[in-house]
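Visitor: I would like to learn how to read a protein model feature by feature. Could you take me through one slowly?

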Amino acid sequence: MVKRPPEKARAVIVGGGVSGCSVAYHLAKLGWTDIVLLERKQLTSGTTWHAAGLIGQLRATRNMTRLAKYSADLYTRLEAETGIATGMRTTGSISVALTEHRRVEILRQATLARAFDVEVHEVSPADVKAMYPHLKTDGVVAGVHLPGDGQCDPGNIALALARGARMLGAQVIEHVKVTGVSQTDGQVSGVTWEADGDTGRIETDVVINCAGMWGREFARQAGVTLPLHACEHFYLVTEPVADLGRLPVLRVPDEHAYYKEDASKMMLGAFEPVAKPWGMEGIREDFCFDQLPEDFDHFEPIFTKAVNRMPLLENAGIHTFFNGPESFTPDDRYYLGEAPEVKGYWVAAGYNSIGIVSSGGAGYALAHWIVEGEPPFDLWEVDIRRAQPFQRNRQYLEARVTESLGLLYADHYPYRQPDTARGVRRSPLHDALAARGAVFGETAGWERANWFAEAGERPEYDHDWHRQNWFAAQAREHAALRNGVGLYDMSSFGKIRVEGRDALAFLQRLMANQMDVDAGRVVYSQMLNPRGGIESDLTVTRLSETAFLLVVPGATLVRDMSWLRRHQEPDTHVTLTDVTAGEAVLCLMGPNARAVLADCSPDDFSDAAQPFGTAREVEIGMALARAHRISYVGEQGYELYVSTEMAMHVFETLMDAGVAHGLRLCGLHAMDSCRIEKGFRHFGHDITDEDHVLEAGLGFAVKTDKEPFIGRDAVLLKRRDGLQQRLMQFLVADPKAMLFHNEAIVRDGAIVGTITSGNYGHTLGGTVGLGYVPCTGEDASTLLASTFEIEIAGQRFDATASLRPMYDPKGARPKG
């Protein structure tokens, strides 16, 4: 007989896989013992039970690595705490490269491991053979060994977490299906359930969706966007192999395969380039510990290469050929955090086949987030608020996840763009730019021109870890922005109107900069959290006494709207409206921008008529636009906001007027090259909610002498106590070196941090990056007196460091 759930709980967790069990365990650890986990069938019966159980510590960022290391440590000590064996053992792992491109990638990963304090060894093919004698090393050009990696028993991990939660007072109840989430005034107020013909309701204001591949549809019922879709995931397990011995986990990504030894058997798993989506019509009600139909034809290309790479497979009997569903997301990153649509609705789902290594740390982080009201550190890369509403579309998801699964073992090139499910969000200028050679990238579903191919150039990416095939295009577009005039499309900007009697007071409380300015002023600001971390990086234009326009990155629009709404007080007269689709944005930048406008507008664009940092209505051709005189490239220029239906007319008018001035269409790679030379920060890389605004070098945009604002106390405290780190700019001496992201910063011979963003600076003549350097108790002169290098793929390059922009350090050019 099923135990009847309680009528009231502090939190209800939906789903009894490793994710839900981890959340329950960690909430209970923090003292939330009046919680209940409800599982529709049996614990682990969805995906957890058939997971491979690989525990790799090194992830793409410092905080994801931090969470993976936490998982490994947790799983090691759970057995002693709960009495359930977790099967956790440290075997180490080896990744091998079969191509030069992969060699560079794994050596870059080794550099990253050193920066993140993960033990790593670069090994030769002979070393690989010595550690893995069964492996045929023909074609292996390099390897990386991580001794601290391991493997575990996924099912028992989940059961141990569930028992740990119960021991602390939580309830874990199986065979109870949650049928809905009730809401009151946009806040979770309860859940309804059914079991064995019985039904009921639990009153609660916190629900955590840990429903795995059921999570998308369960979220949709509550009006929450959770874009994930199941794919078929294949592996086989051999019969026992004589003298197999204990072996590290082996990854051969160039052959899309991983190998795991367990109990004298060999597991071969695959992350094939084109996956098979599953469950397009829904998941049947009785699904429990099920596997999907075999499809050896699909798996055979992987198996054929594996037999050549691991000859013992040829004669080993196959004990199990398994096909089971796992959830994948559009960008191969899982979802964590509070849904922006409903207060109190939390998510931990969509783990992209790394759920075991991720769930321990994810449960820890989410529990702290729920209890303390803010994440313990920056989690933007997995934040649910990055999900775009359109991404819950099933046709889109089915198309995209065919690619998502294979990306786990694809070459992780910088600037790599998805091939599937493209063209969903397009600027009014899209077709005109495409006809002129634009090569597009995707951000938040937006197609954006990244560079322009000229006659004789192939208009598509050839990816590399060095200079890519668009390097020359970026150089000529960069030169136009610096020395002539360039035009690029930023219609993807998020645009939010804040209006009402209390709009000014509302923004004064949220913004670190002064909002009480004259109508027509454009103010650069941040929204801070109570720790002084940066929640948003934006411009605010005062349109009138009671109306403001906030312009934010397209990728953060959902996040920023959520932050604003969360801080709206019930009795304030403030209206928030997303007007992104209503206006295109054409950025006309460079020393000749004013001359182009003079040839197609009767308005005066002199400094006296429109100073830097102002916005006003102007005429362009036969249309009206709003010209914002600001710049993200460090040159004189204008962001032109144009009603969507007039955007093409304004574009054509500017193009015609620009002929006499050498106007060149530019892409975002050129824009980024210019902004990195100026040291302008990029949200999500250089600045996050974990980075203090003063340590990010943005104190000039913080006004502590105005009305109190969120984060003000943390700013005053930091000014009193001093900085612990500073964001610095680096120029690498070798002009052939390339910085992208996460290269190691070396100070006086020791790794002290990583590059947060990088690009080639064509005016400075070398690759440029930004990154934080610890400086507790040090002044600027001491910091700058150090010797700096940047480590790229194991090789160190001399670098010049600066606390001021190396290009136009006084900021005179945009104002000239």
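Visitor: In the hairpin of E23 and E24, which residue takes a positive phi?

Guide: That residue is Ala-444, whose phi is positive and near 55°, in a hairpin that has two residues between the strands. Before going further, please note that this is a predicted model, in which local features need pLDDT of at least 70 and side-chain atom pairs count only at pLDDT 80 or more, while totals for chains, interfaces and linings use all residues. Residues are numbered from 1 along each chain as its sequence is written, and side-chain values use heavy atoms, with hydrogens and water left out. The labels follow a rule too: helices (H or I, at least four residues) and strands (E, at least two) are DSSP runs, numbered from the N terminus.

Visitor: In which sense do E23 and E24 pair, and over how many bridges?

Guide: Two strands are said to pair if DSSP finds at least two bridges between them. Strand E23 (residues 438-443) pairs with E24 in the antiparallel sense over six bridges, and Ala-438 stands opposite Phe-452 in E24. Strand E22 (residues 425-426) is joined to E24 by two bridges, and these strands run parallel, with Glu-447 in E24 as the bridge partner of Arg-426.

Visitor: How many residues of E24 are buried?

Guide: Buried means under 20% relative accessible area, exposed means over 50%, and partly exposed lies in between (1.4 Å probe, protein chains only). Seven of the seven residues of strand E24 (residues 446-452) are buried, so E24 is largely enclosed by the rest of the structure.

Visitor: Which residues lie on the two sides of strand E37?

Guide: In a regular strand the side chains alternate between the two faces of the sheet. In strand E37 (residues 744-747), Ala-744 and Val-746 are on one side, Ile-745 and Arg-747 are on the other, and all of them are buried, which leaves both faces covered.

Visitor: What are the strands that close into a barrel, and in what order do they come?

Guide: Six strands close into the barrel in the order E36-E39-E38-E37-E40-E41, with antiparallel pairing, and the twist averages 40° from one strand to the next.

Visitor: At what angle do helices H1 and H8 pack?

Guide: Two packed helices are described by the angle between their axes and the distance between the axes. The axes are lines fitted to C-alpha atoms, for helices over the stretch in contact, and angles run from 0 to 180 degrees between N-to-C directions. Helix H1 (residues 18-29) and helix H8 (residues 355-372) pack at about 40°, with their axes 8 Å apart. Angles under 35 degrees count as roughly parallel, over 145 as roughly antiparallel, 65 to 115 as roughly perpendicular and the rest as oblique; H1 and H8 are therefore oblique to each other.

Visitor: At what angle do the axes of H1 and H5 cross?

Guide: The axes of H1 and helix H5 (residues 154-167) cross at roughly 30° and come within 8 Å, and the two helices are therefore roughly parallel to each other. Among the residues that meet are Val-18, Cys-21 and Tyr-25 in H1, and Ile-157 and Leu-161 in H5.

Methods:
Contact = heavy atoms within 4.5 Å.
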